[in-house]
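Subject: Structure handover

Hello,

Here is the structure I promised to pass on. Please open it first, then read my notes below.

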Amino acid sequence: MPGPLLEIRAARRSFTTPEGRDFAALDGIDLRVEDGEFVTLLGPSGCGKTTLLRAIAGFEQIDDGVIRLDGADIGPLPPHRRPVNTVFQSYALFPHMSVARNVGYALEVRGVARKSREAAVTEALAKVGLAQFGARRPAQLSGGQRQRVALARAIVAQPRLLLLDEPLSALDRNLRQQMQIELKDLQNRLGIAFVFVTHDQEEALTMSDRIVVMRAGRIEQAGPPREIFRAPKSRFVAEFIGETNLLPAVVRATVGGMAELSLEGGQVLHARADSLRPGAKVVAVLRPTDLAPAEQGLAGIVRRVIYLGADLHLRVEPEGGGGEIGVILRDAGRVPAQGERIVLGYDPARVHVMEAGA
Amino acid sequence: MTHRQRVQLFLLLTPVTVFLGVFFLIPLGTIAVYSLLTPGLYGGVEWSFYHWNYGRIFGWADGITEVFEPVYLHILLRSLGLAAATVAICLVLCYPVAFWVAGLAPRWRMLFLFLITLPFFASLIVRLYAWLLLLKPSGLLNTVLMGLGVITEPLDILYTPVAVILGMVYIFLPFMFLPLFASIDTLDRSLIEASGDLGARPVQTLLKVVLPMTVPGIVAGGVIVFIPAVGNFIVPDVLGGAKGLMTGNLIEQQFLSSRNWPFGSALAMVIMALVLGVLLVFSNRARRAGGRT
Ligand SMILES: Nc1ncnc2c1ncn2[C@@H]1O[C@H](COP(=O)(O)OP(=O)(O)OP(=O)(O)O)[C@@H](O)[C@H]1O
Ligand SMILES: [Mg+2]
């Protein structure tokens, strides 16, 4: 079996702060990207996403560790000798060149003959839906169009790997959602592996084959979107990916793959979980969308009702106390009133349990 | 425009207009008129039309009243050449340095910009005489080189075109550096990274991205150096010796020692026309280069 397309091992990169302290922007990163895979780096601002991308592209040297592409160590190669292209957050289109020349630049500098260059440019522009725009200057394009030109420019030379640093963050919400879909389609058609940086969890969930959640220069958790969403390994990941309820609890008993948890307020929560030790302190992760009024479940008082069109958000105070629980009801039949008693049902299989302190 | 606004505009523009008129147009007009008048016998002018001033330069002298001397055209062209060489050398020296300074941390860059302007604090003449002392056969340069055994005979640089170019470059370096720096400093560095990322070797990035994008700085620096360099007479005077006569010296001579003001004016007009011509061609080229796809 062939190895991964990209393999990063124990990559470290430190910067010296103005105060003279050493600060690790990358603190031991291990990452593999398979051929044709769409991997998203997700994390809060300053966690090292851009630094990691720049290290792969060659703009940043790592102090320690290895970066292999197709099995070959690319650490010593300068950016122009790496078969990797980048879509920059600011697009970085050359303002003094036409759109067509921008797109053909990678071929131009490789000495590709004019004829085949023009054919490739036309094809790349068509792929991003800008066939008519070759003669324009970047300044004469809208933000979304510039974004597409940057994309066309980065794929024209058919790199093995495309790096995208928050390419959609400058676009407005509608265009952004449209571009998410287009980008994913394009990636499927091209079969090029993408490493995509974002700090928008929704974007990550929509587009990725695999999400890599980063925190302070380390990888906190990596896995398919469902796994990251359903089974976060830590409080950090759970909170970063979407709204969530984190309920501290103690394991009372485990019977046949089902655990009985006792919440702080004394109520009982059932979860499908193996290998839990009775008496262990845990945190139950319950997504607000996984709760709905039912005959049985967690009882509480509705403290707040927020109407958001398609969704109805409730804040429920559990009986016996212990933090508020957020509930999101899609198409609620009857709108519960404030101060009303409510029983929230849930599917024990959707209750994720993680160790306290994680 | 309301009446009030018109009055305001008039009041605002008047000082500028007066200033330009007094300090720019009137002297220029005087020179233009003088260049077409008859030289007085003992200096000054006689108020009668006289085109031989230009004839002496361009060759329609009758050989009696005035004699055509090709040396004047020669000197004019040499001045243009010297100015062009000064621009070229300043550019080549300043460009990489400006690039390097633009990448420095802010406080180092401030220090460097201060150092660049430091020579302005000393008199030009004094600085040129310092070069004289450095370059003369028993000067520092020759002493050091001979002491190191690099040369056995002192180099005869002083009073050669090399010395003049050296002095010119020295004087005009800051004028080239500052506009270049301004334009390189505002260059978006991510464009350089993008170029490398797309596979361009550093030389390609320089030629295809960096140079075209800093054309405004190059043009500004070139013009700012070229114009005063053409007319400069101090450097050839101090470092050029008798053979190194330039237009500036020629004009200076006509006005001072020869006391032939009309001919001096004619020379000044011709050099001005030449400079304007060169600038027009140059800026046209630059505009076209900038507008190319
Ligand atoms: N050249 C540099 N010199 C010093 N510190 C740097 C440098 N580049 C990055 N850093 C620091 O490294 C850390 C990681 O930066 P990085 O740009 O990778 O974050 P990021 O995850 O991309 O954040 P964002 O989402 O805001 O873009 C930050 O704390 C940043 O201040
Ligand atoms: Mg970033």
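A polar contact here is a pair of N or O atoms within 3.5 Å. Keep that cut-off in mind for Glu166(A): one of its polar side-chain atoms lies 3.3 Å from an oxygen atom of ligand 1, so the pair counts as a polar contact. Taken alone, ligand 1 exposes 630 Å². The protein buries 61% of that. Please note that this is a predicted model.

**The ligand site**

Two further pairs involve oxygen atoms of ligand 1. For Lys49(A), a side-chain N or O atom is 2.8 Å from a ligand oxygen.

**Chain A as a whole**

Chain A has 358 residues, and 50% of them are buried. It contains 8 helices and 19 strands. Its C-alpha trace spans about 75 × 50 × 45 Å along the principal axes. The accessible surface is about 16500 Å². Carbon and sulfur atoms account for 48% of that surface. Now take the contacts in chain A between residues at least 6 apart in sequence: 65% of them join residues at least 24 apart.

An unreviewed UniProt entry lists residues 8–241 of chain A as "domain: ABC transporter". That span is 35% helix and 26% strand. Its end C-alpha atoms lie 24 Å apart.

Start with Met207(A). It sits in helix 6 (residues 201–207) of chain A. Is Met207(A) buried or exposed? Its relative accessibility is 0%, so Met207(A) counts as buried. Beyond its neighbours within four places in sequence, Met207(A) is in contact with Phe38(A), Gln180(A), Leu183(A), Lys184(A) and Phe196(A). Take Leu183(A) from that list: it is 24 residues from Met207(A) in sequence, and the two C-alpha atoms are 8.3 Å apart.

Then look at Ala92(A). It lies in the loop between strand 6 (84–87) and helix 2 (99–108) of chain A. Most residues other than glycine have a negative phi. Ala92(A) has a positive one, near 50 degrees. Its relative accessibility is 3%, so Ala92(A) counts as buried.

**Chain B as a whole**

Chain B has 13 helices and 2 strands. Of its 293 residues, 38% count as buried. Its C-alpha atoms fill a box of roughly 80 × 70 × 40 Å along the principal axes. The accessible surface of chain B comes to about 16400 Å², with 74% belonging to carbon and sulfur atoms. Among chain B contacts between residues at least 6 apart in sequence, 62% join residues at least 24 apart.

Where is Asn232(B)? It is in the loop between helix 10 (215–231) and helix 11 (234–240) of chain B. Asn232(B) counts as buried because its relative accessibility is 11%. Its side chain reaches the backbone nitrogen of Val235(B) at 3.0 Å. Leaving aside neighbours within four places in sequence, Asn232(B) is in contact with Met168(B), Phe172(B), Met246(B) and Gly248(B).

Gln254(B) is in helix 12 (residues 247–255) of chain B. Its relative accessibility is 7%, so Gln254(B) is buried too. Not counting residues up to four places away in sequence, Gln254(B) touches Arg259(B), Asn260(B), Trp261(B), Phe263(B), Gly264(B) and Leu267(B).

Last, Tyr159(B). It lies in the loop between helix 6 (140–147) and helix 7 (161–185) of chain B. Tyr159(B) has a positive phi, near 65 degrees. Its relative accessible area is 40%, so Tyr159(B) is partly exposed.

Best wishes

Conventions: Residues are numbered from 1 along each chain as its sequence is written. Chains are lettered from A and ligands numbered from 1 in the order in which they are written. Side-chain values use heavy atoms; hydrogens and water are left out. A polar contact is a pair of N or O atoms within 3.5 Å; within protein, one must be able to donate a hydrogen and the other to accept it, and residues adjacent in sequence count only if both atoms are side-chain atoms. Accessible areas come from the Shrake-Rupley method with a 1.4 Å probe; for residues, only the protein chains shown count as cover. UniProt positions are given in the numbering used here, feature names are shortened, and annotations may be inferred rather than shown by experiment. Helices (H or I, at least four residues) and strands (E, at least two) are DSSP runs, numbered from the N terminus. Buried means under 20% relative accessible area, exposed over 50%, partly exposed in between (1.4 Å probe, protein chains only). Contact means heavy atoms within 4.5 Å.
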